[in-house]
Amino acid sequence: MRVAVLGCGTVGTALVRILQDRSDALAVQSGARLEVAGIAVRDLALERAPGIPRGLLTTGAAELVADPSVDVVVELIGGTDPAERLVRNALELGKPVVTANKALLASPEGVALRSLAKKHGADLLYEAAVAGAIPLVRALRESLTGERIHRVMGIVNGTTNFILTKMGEQGADYADALAEAQALGFAERDPTADVEGFDAAAKAAILAGVAFGYDVASADVMREGITAIRAVDVEFADRLGYAVKLLAVVERTGDDALSVRVHPAMVPKSHPLAGVRGAFNAVFIEGEAAGELMLYGQGAGGLPTASAVVGDLIDAVRNRLAGTTAPSPDRQPARLLPESELRTQCYVSLQVTDRPGVLAAVAKVFGDNNVSIRSMEQEGYAGEAQLLFLTHLTSEGDMRSTLAALSDLDAVERIGGLMRIVGEPE
Ligand code: NDP
Ligand code: HSE
């Protein structure tokens, strides 16, 4: 089986290495020897890692895909252009495609690629696109295929979990924690996709498809990143018994709409997701019959991601030899819950003037906007006073009007943090 590898960066390099180092074992697993037909790159002059066969490198990705001797295509370029075109060309030729490209899969074009794969009877496999090495897509698609899933909540971005862990455990502020993540190679020089939640939103959209059978694109995902999280709110959360995590949440709501969202959340320390530290990923699944289960592991990095790619590659080859494809049930467009109707418990911190009547005025604003307070405490005095509120279940719309009205109060000097509380019974 001749394999076209498109992209030889972090993941592509690791994939080629595994294909070389474990060639005999992979042949036994697949039922055929896997031979790299070519490796498409952008720049032939770049220095490559030792062991990458220079003779296989090419800038002709389209020609490589179209080469009649190529049986399977692995797309590890990233982004939508030219990845979308290359994947589409491969599928139109009936060639199975393995990809780690969550940005592509969660774009409207990516959603269309699934139907194209079905039409041409070719596999489109993407285990590596969500949570790297964690066997999540296959678990949802196969082991849990008969399960009615209620909710999937994941820490699916290692960079932000690393930053939030540093803030929570060492009291680091956001900028310092980000700088350390960059120095250690977790965060990219431009960290926007990670810290603003775009990467997690793409993964949430993909999970909505695999776990719930609905087509969702990244742009439809409610998204809030971690850039506004202050060290002091992480510290308050810690004292109140919570860890702060950036969560991707996909859940059925009462009327069978789907809430698909990414936001910082306070998770009770007793919840399994609270113990996921550093750059690790974990996904917590709640099903009707299965109950609760959690998958944990490395969500990024060359070798962990390539491990998931290799698993898909073996599947694609086995299926091709058997003249079949992986299960790919039909999907429907999702009925997404409007953002204003999302109901969660919330944490709000306010910097206020410390004088009689302020708490009463603030509490009245919560009540006037239909938000019920669960608990309140004051931190600091005089110029340092902060009021920390936890609410009962409230709608996003009511919470937003509360914050707008609070910002008009003279006694409220600053609205600090707003975080949703997740993983705790009401
Ligand atoms: P890199 O940026 O490290 O590598 C991208 C590769 O694509 C490079 O080899 C580059 O060539 C090549 N490339 C870029 N443009 C073209 C083009 N027009 N034609 C041919 N080749 C091109 O990306 P990663 O390896 O980090 O990521 C690959 C995919 O895996 C992405 O979709 C990413 O989201 C996903 N992923 C990555 C993870 C990680 O930890 N890195 C984790 C999970 C998923 P050149 O080398 O010449 O510049
Ligand atoms: N940038 C992602 C992370 C890895 O930090 O987890 C790729 O999905």
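Me: Where is Asn369?

Reply: Asn369 is placed in the loop between α14 and β16. Please note that this is a predicted model.

Me: Is Asn369 buried or exposed?

Reply: Asn369 is buried, because its relative accessible area is 18% and the limit for buried is under 20%.

Me: Which backbone oxygen does its side chain reach?

Reply: The side chain of Asn369 reaches the backbone oxygen of Val365, at 2.9 Å.

Me: And which residues does Asn369 touch, not counting those up to four places away in sequence?

Reply: Asn369 touches Asp398, Ser401, Thr402 and Ala405 when residues up to four places away in sequence are not counted.

Me: What about Asn370: buried or exposed?

Reply: Asn370 is exposed, with a relative accessible area of 59%. Asn370 lies in the loop between α14 (358-368) and β16 (373-379). Asn370 also has a positive phi, about 75 degrees, although it is not a glycine. Most residues other than glycine have a negative phi.

Me: Which alanine has a positive phi?

Reply: Ala131 has a positive phi of about 65 degrees, and it is not a glycine. Ala131 lies in the loop between β6 (124-125) and α7 (137-143). Ala131 counts as buried because its relative accessibility is 0%.

Me: Now the ligands. Which residues come nearest to ligand 1?

Reply: There are 22 residues around ligand 1, and of these Cys8, Val11, Asp43, Arg48 and Gly301 come nearest.

Me: How does that shell divide into nonpolar, polar and charged residues?

Reply: The shell around ligand 1 has eleven nonpolar, seven polar and four charged residues.

Me: What lies at 2.8 Å from an oxygen atom of ligand 1?

Reply: A polar backbone atom of Cys8 lies at 2.8 Å from an oxygen atom of ligand 1. For Val11, a backbone N or O atom is 2.9 Å from an oxygen atom of the ligand. For Arg42, a polar backbone atom is 3.0 Å from an oxygen atom of ligand 1.

Me: How much of the accessible area of ligand 1 does the protein cover?

Reply: On its own, ligand 1 has 900 Å² of accessible area, and the protein covers 78% of that.

Me: And ligand 2: which residues surround it?

Reply: Ligand 2 is surrounded by Lys102, Asn157, Gly158, Thr159, Asp194, Asp199, Lys203 and Ala300.

Me: Which atom of ligand 2 lies 2.9 Å from Asp194?

Reply: A nitrogen atom of ligand 2 lies 2.9 Å from a polar side-chain atom of Asp194. Thr159 has a polar side-chain atom 2.5 Å from an oxygen atom of ligand 2. Asn157 has a polar side-chain atom 3.5 Å from an oxygen atom of ligand 2.

Me: How much of ligand 2 does the protein bury?

Reply: The protein buries 82% of the 260 Å² that ligand 2 exposes when taken alone.

Me: Let us turn to Thr391. Which strand is it in?

Reply: Thr391 lies in strand β17, residues 386-391. Thr391 counts as buried, because its relative accessibility is 0%.

Me: Which residues does Thr391 touch, not counting those up to four places away in sequence?

Reply: Beyond four places in sequence, the residues that Thr391 touches include Thr344, Gln345, Cys346, Phe366 and Met399.

Me: How far is Thr391 from Arg318?

Reply: Thr391 and Arg318 are 73 residues apart in sequence and 53 Å apart in space, C-alpha to C-alpha.

Me: Finally, the whole chain. How many helices and strands does it have?

Reply: The protein chain has 15 helices and 19 strands. Of its 426 residues, 54% count as buried. The C-alpha atoms fill a box of roughly 80 × 45 × 35 Å along the principal axes.

Methods
Residues numbered from 1 in each chain as written. Chains lettered and ligands numbered in written order. Predicted model: local features only at pLDDT ≥ 70, side-chain atom pairs only at ≥ 80, totals over all residues. Heavy atoms only, no water. Near = heavy atom within 4 Å. Polar contact = N/O pair within 3.5 Å; in protein donor to acceptor, adjacent residues only side chain to side chain. Areas by Shrake-Rupley, 256 points an atom, 1.4 Å probe, with all protein chains shown as cover. Nonpolar A, V, L, I, M, F, W, Y, C, P; charged D, E, K, R; others polar. Helix = DSSP H or I, 4+ residues; strand = E, 2+ residues; numbered from the N terminus. Buried < 20%, exposed > 50% of the residue type's maximum accessible area, 1.4 Å probe, protein only. Contact = heavy atoms within 4.5 Å.
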